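Subject: Structure for you to look at

Dear colleague,

I am handing over the structure below, together with some notes on what was found in it. Please open it beside this email and follow along as you read.

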Amino acid sequence: MPAPRSGGANHAQDVYLEYQRRSRTPQTPPGDEPSRFAGAGADAHTKLGRSVDDLRPALETLATRLYEAPEIGFAEHDSVRELAAVLIQHGVEPEVGAYGLETALRAQVGTGDGPHFAILAEYDALPGIGHACGHNLIAGIAVGAFLGAAPIVRELGATLSLIGTPAEENGGGKEHILRAGGFDEIHAAAMVHPAAGAKASPIWGERTTGVRRIAVTYRGRAAHAAGEPWLGINALDAVVSAYQSVAQLRQHILPIDRVHGIITDGGAAPNVVPEQASALFYVRSGEIDTLRVLTDRVVDALRGAALATGTTAEIEVDPVPPYLPLEPSVELMRRWAGALGERGRETPPSPAVAAQAGPSTDMGNVTQFIPAIHPSIGIGGPETVHPHHAAFADQTVQPSAFAAMTDAAAGLGAVAIDYLADGALRAAVDAEFAARGGRYRWES
């Protein structure tokens with residue numbers, strides 16, 4: 001069913017004006033300075049780094065096996081078994097099929113109480129182009145961070161979880177896990193994503209848009225397109241009208257907003273008036289409020305197309321869970337930057353504070369619910385070969401990618417042990433999270 005109405009055009013104008021006001025308010029990026037907290041200490045970081053380095057052959061094998069046998073979302077049966085096998089080989093018994101999802105995974109070390117940090121893994125691939133988003137490396141990074149940090153966490157009286165999250169590309173596995181209560185007892189979380197080139201992401205300013213999907217099917221009446229066209233009601237005309245209406249909408253939306261769509265069914269034969277036609281649209285925006293407003297506006301355009309053509313419209317908003325804007329914890333990003341520095345990798349200076357458009361991830365849902373980060377690390381390939389480019393998959397099994405995976409695993413593990421060891425750091429992370437609104441769970 002479509003999302004509840006938000007108040008029409010006047011409400012949209014009010015939301016956009018508020019967005020404009022906030023975006024023009026001068027802000028000082030707070031992320032460039034190093035973390036002021038002690039964390040777990042140098043000895044723990046050294047121990048962690050050595051453990052991760054020792055794990056590198058196993059992590060390379062894991063990433064390579066996933067690359068060689070890619071599986072799409074919710075079908076990652078062999079992939080999740082590969083992760084489980086590595087954990088078992090290193091003394092950790094995971095649960096496969098956690099949270100009611102066949103290809104989700106959960107593993108835990110530590111006391112089961114005290115502060116609780118989660119490291120997240122992805123391992124689904126893209127149809128036709130395999131691991132062109134580098135989720136095979138994400139899995140290696142997560143497993144390496146978890147196993148490398150495990151001995152230290154056991155000494156801290158804290159808890160560390162590894163959560164394998166299916167279907168980031170096509171199904172919102174993390175939102176499904178959220179709805180199943182999988183993050184209710186976790187205090188903070190993190191994962192790392194591979195990127196083009198050789199740079200790491202900046203501490204401040206890395207966000208993503210939220211995305212919602214809108215599927216529409218128009219139904220009319222079939223007729224012979226030459227013999228009796230006046231008896232037909234053309235569903236394809238409705239889809240074309242809807243597409244054009246959305247195109248006209250684009251010039252009146254926020255600069256960071258995106259709407260794109262495809263015709264998924266346009267009829268069966270040119271000489272038959274199509275009695276059914278369908279389309280699928282993606283709606284993206286950088287704020288939750290503006291995402292809701294833009295969704296309503298697109299739904300209005302789709303309804304208008306039905307009215308104009310005499311068809312009926314079946315509109316489904318959120319056939320899969322929405323992905324919310326990513327809002328990473330700056331305090332945790334500082335720890336990540338410091339840990340990468342220990343591995344000889346620098347994070348770039350913070351960019352100007354500006355809203356960013358672009359892709360989306362269901363990790364955004366986690367960052368809205370608990371403090372979390374989703375930094376990226378370049379894997380050494382060409383700057384022009386980005387994730388979702390077919391050639392990126394091959395880059396993920398190059399020596400430079402494995403080196404980046406190992407460094408990222410050490411950096412991610414360091415964030416986990418720093419958070420679990422340092423109460424003052426945890427308090428600062430919580431204060432930052434509360435200042436931007438605290439825990440948020442999506443409701444349609």
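This is a predicted model: local features need pLDDT of at least 70, side-chain atom pairs count only at pLDDT 80 or more; totals for chains, interfaces and linings use all residues.

Residues are numbered from 1 along each chain as its sequence is written, and side-chain values use heavy atoms, with hydrogens and water left out.

Helix H2 (residues 42-68) packs with helix H3 (residues 77-89) at an angle of about 170 degrees, and their axes are 10 Å apart. Here helices (H or I, at least four residues) and strands (E, at least two) are DSSP runs, numbered from the N terminus, and axes are lines fitted to C-alpha atoms, for helices over the stretch in contact, with angles running from 0 to 180 degrees between N-to-C directions. H2 and H3 are therefore roughly antiparallel, a term for angles over 145 degrees. In this packing, Leu62, Arg65 and Leu66 of H2 meet Ser79, Glu82, Leu83 and Val86 of H3, where contact means heavy atoms within 4.5 Å.

Serine 79, which has its place in helix H3, is buried at a relative accessible area of 1%; buried means under 20%, exposed over 50% and partly exposed in between, with a 1.4 Å probe and protein chains only. Leaving aside residues up to four places away in sequence, serine 79 touches Leu66, Ala69, Glu71 and Tyr123.

A search of the whole structure finds 2 aromatic pairs, counted when ring centres of Phe, Tyr and Trp (its six-membered ring) lie within 6.5 Å, with planes under 30 degrees apart called stacked, over 60 edge-to-face and the rest tilted. Phenylalanine 117 and tyrosine 419 form a tilted pair, 5.5 Å centre to centre with 50 degrees between the planes. This pair links distant parts of the chain, 302 residues apart, with phenylalanine 117 in strand E3 (residues 116-121) and tyrosine 419 in helix H11 (residues 399-421). Tyrosine 243 and phenylalanine 281 form a tilted pair as well, at 6.3 Å and 40 degrees. In this pair tyrosine 243 is partly exposed at 33% relative accessibility, whereas phenylalanine 281 is buried at 1%.

Finally, arginine 292 lies over the face of tryptophan 442, 4.0 Å from the ring centre, and the charged end of arginine 439 sits over the ring of phenylalanine 369, 4.1 Å from its centre. A charge sits over a ring if NZ of Lys or CZ of Arg is within 6 Å of the ring centre and within 35 degrees of the ring normal.

Best wishes

Key. Angles under 35 degrees count as roughly parallel, over 145 as roughly antiparallel, 65 to 115 as roughly perpendicular and the rest as oblique.
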